[in-house]
Amino acid sequence: WAALERILYDILYVKLGWELGDEGNLLIAEPISTPRAARELMAQLAFEVFNVSGLFFADEPVLSLYAIGKSSGLVVDIGHETTDVSLVVEGQLYLPSARRLPSGGRDAARHLQRLLEARGEPPLER
């Protein structure tokens with residue numbers, strides 16, 4: 001948590017220009033499987049260390065749909081190591097439908113590399 005605190009300080013005060021004593025509100029986008037204890041620690045950090053005046057946690061799939069003007073849909077979030085699939089209905093995450101799959105973009109890239117090599121293509125440069 002100490003490393004996260006240093007990163008957040010740099011983002012909020014250096015990059016975004018917050019001033020000590022004049023902090024603002026904070027919106028945190030959470031992955032679908034964030035444990036309650038982690039959320040509570042983040043809230044404690046936000047209020048006690050960064051003195052935020054308001055804090056809201058939102059589910060990443062809900063925010064993804066809002067970003068394209070929708071409130072319902074199926075969200076597929078492909079990360080480096082995992083893929084999250086979530087159903088959102090009228091702005092609410094339907095948690096029983098949410099799934100985290102243990103493969104992501106790295107696995108897709110490796111598979112495509114193997115397919116190219118099987119065709120005799122030269123290896124891709126990194």
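Contact is taken here to mean heavy atoms within 4.5 Å. The structure is a predicted model, in which local features need pLDDT of at least 70 and side-chain atom pairs count only at pLDDT 80 or more, while totals for chains, interfaces and linings use all residues. Residues are numbered from 1 along each chain as its sequence is written, and side-chain values use heavy atoms, with hydrogens and water left out.

Leaving aside neighbours within four places in sequence, E23 is in contact with Y13, W18, F50, N51, V52 and S53. E23 is located in the loop that separates α1 (2-15) from β1 (25-30); helices (H or I, at least four residues) and strands (E, at least two) are DSSP runs, numbered from the N terminus. E23 is buried and has no salt bridge. Buried denotes under 20% relative accessible area, exposed over 50%, and partly exposed the range in between (1.4 Å probe, protein chains only). A salt bridge is a side-chain nitrogen of Lys or Arg within 4 Å of a carboxyl oxygen of Asp or Glu. For E23, the nearest side chain of opposite charge is that of K15, 18 Å away; Lys and Arg count as positive and Asp and Glu as negative, with His and the chain ends not counted.

The side chain of E23 does have polar partners. With the side chain of Y13, E23 makes a polar contact of 2.9 Å, and the E23 side chain also reaches the backbone nitrogen of G21 at 3.1 Å. A polar contact is a pair of N or O atoms within 3.5 Å; within protein, one must be able to donate a hydrogen and the other to accept it, and residues adjacent in sequence count only if both atoms are side-chain atoms.

Six salt bridges are present in the structure. One of them joins the side chains of E30 and R39 at 3.0 Å, N to O. E30 is buried because its relative accessible area is 5%, whereas R39, at 29%, is partly exposed. A further salt bridge links E40 to R36, with the closest N and O atoms 2.8 Å apart. Both residues belong to helix α2 (residues 36-49) and are four residues apart, about one turn of the helix. E40 is partly exposed at 44% relative accessibility, and R36 is exposed at 62%.

The side chains of D84 and R100 also form a salt bridge (2.7 Å, N to O). D84 is in strand β4 and R100 in strand β6 (residues 99-101), so this pair ties together parts that are 16 residues apart in sequence. D84 is buried, at 7% relative accessible area, and R100 is partly exposed, at 41%.

A nonpolar patch is formed by L74, V76, I78, L87, V89 and Y94, which together have about 570 Å² of accessible area. Patches consist of residues with over 30% relative accessible area and no salt bridge, like charges being joined within 9 Å and nonpolar side chains (Val, Leu, Ile, Met, Phe, Trp, Tyr) within 5 Å. Accessible areas come from the Shrake-Rupley method with a 1.4 Å probe; for residues, only the protein chains shown count as cover. At least two patch residues come from each of β3 (73-78) and β4 (83-89), and β3 gives the most, with three. L74, in strand β3, is exposed because its relative accessibility is 60%.
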